[in-house]
Amino acid sequence: MRVTSIQPSSIQLNNSSAEDETIKALIEPYKSVLDNEMNEVLINSSAEAVKGQPESSLGNLIADITLWESNNILQKKNLPLADISMLNNGGLRTSLPEGKIIVGKIFELMPFENEVVVLTLSGEKTLGLLNYVAKSNGQPIAGATLTIIDEKPENILIGGKAFDITKTYRIVTSDYLAGGGDKMRFFSEPISYQVLNVKLRDAIINYMRTENKKGNTLNPKTDGRIKSN
């Protein structure tokens, strides 16, 4: 459907059934299109994905998707790949069901217009990120593993290698968190800041569509990437 012209009119809102029907007639074409879009099945999931701490099947899934999709974009742009993706538990607004996952469910999961960004951080600021993860008893991350001991990160691996505070690391997150949302102050004054021009929600939808076309399903799970002792 394409809007070709707009004709102004006024409708008085009262209890008249005739006028109610007029309103319904005006809305129906747009509602039908929206319903069709929101009810599109993106992919099937082998299990329900739910929030939890220190890690969760939902947090792991969305963090993994974010890192995967972002690195695909970076690779096409001939830019350095990201090492870690980090989101926040509060930003995941619903669980994902076992079975069919529709577009509307992803809008429920991610109702905000957050953009995906990539920041290059010093080793010290990256440690600040990991300290935040530990102190908050876990956040959705991918690309890193750690053990929380007395609210501090220990046994840190990034990309399977021991964390090195003298190195820089590339972090994928949302523009909201990169701006200091949820008190993530370690993102301030990064070495570099790149906008990927894709909404986080759209990246998730694109991943699911692509995997579904390959005949794959989602397999949300916990895998011990964050342990708490």
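Select I205 to begin; this residue sits in helix α6, where helices are DSSP runs of H or I with at least four residues, strands are runs of E with at least two, and both are numbered from the N terminus. The model is a predicted one: local features need pLDDT of at least 70, side-chain atom pairs count only at pLDDT 80 or more, and totals for chains, interfaces and linings use all residues. Residues are numbered from 1 along each chain as its sequence is written, and side-chain values use heavy atoms, without hydrogens and water.

I205 counts as buried because its relative accessibility is 6% (buried: under 20% relative accessible area; exposed: over 50%; partly exposed: in between; 1.4 Å probe, protein chains only). Now show what surrounds I205: leaving aside neighbours within four places in sequence, its contacts (heavy atoms within 4.5 Å) are L42, V103, I106 and F107.

A pocket here is an open set of points on a 1 Å grid over the protein atoms alone, where a 1.4 Å probe fits, with protein on both sides within 12 Å along at least five of seven lines; lining residues have an atom within 4 Å of a point. Select L61, D64, Y207, N219 and P220, the closest to its centre among 14 lining residues. Helix α2 gives the most to this lining, five residues. By class, the lining has six nonpolar, three polar and five charged residues (nonpolar: Ala, Val, Leu, Ile, Met, Phe, Trp, Tyr, Cys and Pro; charged: Asp, Glu, Lys and Arg; polar: the others, Gly among them).

Next, select N88, G91, F112, N114 and Y176, which lie nearest the centre of the second largest pocket, lined by 14 residues. Its volume is about 170 Å³, and its lining has seven nonpolar, five polar and two charged residues.

Finish at the open sheet of four strands, ordered β8-β7-β6-β11 with mixed pairing (two strands pair if DSSP finds at least two bridges between them). At the edges, β8 (161-162) and β11 (226-228) each pair on one side only. Strands β6 (144-149) and β7 (152-158) run antiparallel and are joined by five bridges; A144 stands opposite I158 in β7. Helix α4 (123-135) packs on the sheet, touching β6, β7 and β11, and its direction makes about 125° with that of β7 (axes are lines fitted to C-alpha atoms, for helices over the stretch in contact, and angles run from 0 to 180 degrees between N-to-C directions).

Technical notes
Points joined across faces, edges and corners; volume = space filled by probe spheres on them.
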